[in-house]
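Me: I have a structure open and want to go through parts of it. Can you take my questions one at a time?

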Amino acid sequence: MIPSIHRQGSSTLGLLHYLYGKGTHEEHVDPHLVTSFDHLAPDPGRDPSATKKDLAHLLDQPLHLLDADQRPEQHVWHCSVRAAPDDPILTDEQWADIARRIVAATGIDPGDGAGCRWAAVRHADDHIHVIATLVREDGRRPDHHRSGKRAQAEARLIEADYDLHRVAPGDGTAAKRTTSAERHKAERLGWDRAAREELRETVRRAVAGAASTDEFLERLKDAGLLVRTRVLPSGDLKGYTVALPGDRNGEKEPIFYAGSTLAPDLSLPRIQARFTTASASPGTADSERAERSTASSAPAAARRTTADAAWATLLVLDHSGDDGAAVAQISATGEVLDALAKTSALHTRDELRRAAREFERASRSHTRAEFRHAQDLRRAARDLIHGGPAFGRGEDGATTAMAIDMVFFLVIAAAHWHAQRQHAQQAEAARRASEHLRAAYQQAAAGHLTVLRERGRRIAPSLRRHHATTVRAALPDLAETILAEPGWDALAATLADATQAGHNPQALLTEAATRRELDTADSISDVLVWRLLRMADLPAYASATTQASRLTDRQAMAPPLTVPSASRAPRR
């Protein structure tokens with residue numbers, strides 16, 4: 001249940017005309033009063049002898065207790081209370097009780113016999129509107145300070161009492177919700193989303209991996225937005241505003257939004273705080289990325305870098321006692337999701353965009369982010385953007401699945417981190433994002449795992465038994481589950497590839513399983529495949545007739561030449 005306190009108004013009658021009218025899209029059905037301050041207010045909806053003027057005059061009577069110069073100009077208080085889509089339809093009597101509880105909790109009518117005059121109007125199944133005059137019966141002003149937070153707190157109790165959908169309590173860091181007027185305008189113009197939502201997502205994508213303010217502003221312009229900047233007398237940039245070219249006001253002028261009004265972390269100072277170069281060994285990271293780019297396509301190399309950065313961040317996030325570093329890493333995870341959504345193939349793009357939109361709420365909290373700890377993830381997001389769009393097939397598609405797999409576990413870790421700190425909305429947002437990532441992973445990985453499984457089935461029985469023995473030795477508690485999964489064939493092929501490349505498969509398996517839990521995996525063997533491919537730096541995609549599938553028993557069971565990856569730290 002969501003109560004929303006609207007902007008105070010100056011006309012009681014004007015608001016009543018809207019509440020009892022047909023609505024901007026004739027969506028109002030059977031407008032009527034469900035209760036009022038004295039239970040006796042006239043109802044223009046169902047009483048033919050009552051008028052909206054009568055109700056407005058009754059509500060405004062306390063204003064006449066004050067001299068004209070003492071009457072508040074914005075004296076109309078307006079609160080809508082909306083049930084969740086999956087809640088049952090409440091009766092008028094239940095809505096009346098909810099209205100009384102809301103006005104008492106917000107200080108509009110605290111129950112002292114001299115509260116404000118108010119009325120609750122219902123014109124739909126799922127919500128009511130409460131209108132009140134902000135002058136008490138004794139002529140004083142009501143104590144309705146922070147009425148929004150007080151209404152939210154009461155709504156949580158109402159949900160419990162009526163067994164309604166439980167909304168996670170907020171902490172004041174959520175982005176401003178789209179207004180009904182903005183939604184109706186979008187519908188009228190045939191837009192999929194309101195301007196505020198479109199701008200918020202576009203700005204977030206422009207932030208992803210950006211290294212400077214100039215680059216960020218250029219990205220906004222390249223995305224087709226109208227951009228204005230504000231400059232201080234010193235010449236320093238103070239802020240920015242953005243607008244959609246087609247979003248105009250009554251004077252045909254563009255409607256600009258400041259970044260801070262789109263989301264708290266999209267103000268210019270908060271964005272500029274991300275642009276730090278205080279990260280370890282940038283030269284090493286740059287040279288390694290260049291080396292990868294020469295070995296595979298730029299999109300594939302960027303996705304491998306993303307998988308490495310996600311894995312390294314996982315190990316830190318699970319054991320870090322520095323909340324500022326953790327918040328920065330979670331926020332940078334949002335940048336990676338935005339970059340993946342922007343550059344991935346069509347068949348995964350929609351789910352990745354949904355994941356990025358959901359995770360946006362998880363990327364903010366009251367803890368100050370220390371972005372010097374998150375530069376590896378930010379560079380990964382930058383590489384994804386500069387690497388360009390990826391194809392859904394071949395190495396590009398396979399490394400996309402690898403990156404999504406790693407980021408999925410990173411998002412799960414973010415949900416756990418928020419839950420441990422009682423950040424209910426952020427934890428729920430991360431959980432919802434993980435569901436979309438799971439769907440995107442399944443779309444990205446299906447074809448590539450099918451090829452690996454086909455290769456695994458072609459391996460000689462004696463060699464499969466050898467790999468099964470390796471799994472039992474490395475993972476005794478998980479071995480039987482793994483060997484019974486459909487994905488075991490793909491894992492067997494990957495173990496054969498790792499052996500041929502000179503790695504110790506038992507050491508790789510042990511490291512892959514012990515450095516991060518596997519409880520949230522749908523298929524343990526599939527997760528191990530991607531981890532082994534990343535740790536051993538093996539090609540993520542290979543045809544069903546690669547060399548490893550044709551190994552002789554003697555070749556595949558020979559001692560490994562080297563054991564380079566089982567002991568090395570994750571690459572930046």
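Me: Let's start with helix 7. What do its buried residues pack against?
Reply: This is a predicted model. In it, the buried residues of helix 7 pack against helix 6, helix 9 (268-272) and helix 14 (375-387), and also against strand 6 and strand 7.

Me: Which residues of helix 7 are buried?
Reply: Thr-213, Glu-215, Phe-216, Leu-217, Arg-219 and Leu-220.

Me: What follows helix 7?
Reply: Gly-224, which has a positive phi, near 95°.

Me: How many bridges join strand 6 and strand 7?
Reply: Six bridges, in the antiparallel sense. Among the pairs, Thr-229 has Tyr-240 of strand 7 as its bridge partner, and Val-227 has Val-242.

Me: What about the turn between those two? How many residues are there between the strands?
Reply: The hairpin of strand 6 and strand 7 has five residues between the strands. One of the residues in this hairpin, Gly-235, takes a positive phi near 95°.

Me: How many bridges does strand 7 make with strand 8?
Reply: Two, again antiparallel. Here Val-242 stands opposite Tyr-257 of strand 8.

Me: Is strand 7 mostly covered or mostly open, and how many of its residues are buried?
Reply: Mostly covered: of the seven residues in strand 7 (residues 237-243), five are buried.

Me: What comes just after helix 5?
Reply: Gly-190, with a positive phi of about 80°.

Me: Back to the start of the chain. At what angle do helix 1 and helix 2 cross?
Reply: Roughly 135°, with the axes of helix 1 (residues 12-20) and helix 2 (residues 52-60) coming within 9 Å. That angle makes helix 1 oblique to helix 2. The crossing is right-handed.

Me: Which residues make the contact?
Reply: From helix 1, Thr-12, Leu-13, Leu-16, His-17 and Tyr-20. From helix 2, Lys-52, Lys-53, Leu-55, Ala-56, Leu-59 and Asp-60. By kind, the residues of this contact divide into six nonpolar, two polar and three charged.

Me: Last one, Asp-126. Where does it lie?
Reply: Asp-126 lies in the loop between strand 4 (116-122) and strand 5 (127-136).

Me: Why is Asp-126 called partly exposed?
Reply: Because its relative accessible area is 30%, and partly exposed covers values between the 20% limit for buried and the 50% limit for exposed.

Me: What is Asp-126 in contact with, leaving aside its neighbours within four places in sequence?
Reply: Val-81, Arg-82, Ala-83 and Trp-95.

Me: And how far is Asp-126 from Met-1?
Reply: Their C-alpha atoms are separated by 9.6 Å, while the two residues are 125 residues apart along the chain.

Methods: Residues are numbered from 1 along each chain as its sequence is written. This is a predicted model: local features need pLDDT of at least 70, side-chain atom pairs count only at pLDDT 80 or more; totals for chains, interfaces and linings use all residues. Side-chain values use heavy atoms; hydrogens and water are left out. Axes are lines fitted to C-alpha atoms, for helices over the stretch in contact, and angles run from 0 to 180 degrees between N-to-C directions. Helices (H or I, at least four residues) and strands (E, at least two) are DSSP runs, numbered from the N terminus. Angles under 35 degrees count as roughly parallel, over 145 as roughly antiparallel, 65 to 115 as roughly perpendicular and the rest as oblique. A crossing is left-handed if the near helix is turned anticlockwise from the far one by less than a right angle, and right-handed if clockwise. Contact means heavy atoms within 4.5 Å. Ala, Val, Leu, Ile, Met, Phe, Trp, Tyr, Cys and Pro count as nonpolar, Asp, Glu, Lys and Arg as charged, and the others, Gly among them, as polar. Buried means under 20% relative accessible area, exposed over 50%, partly exposed in between (1.4 Å probe, protein chains only). Two strands pair if DSSP finds at least two bridges between them.
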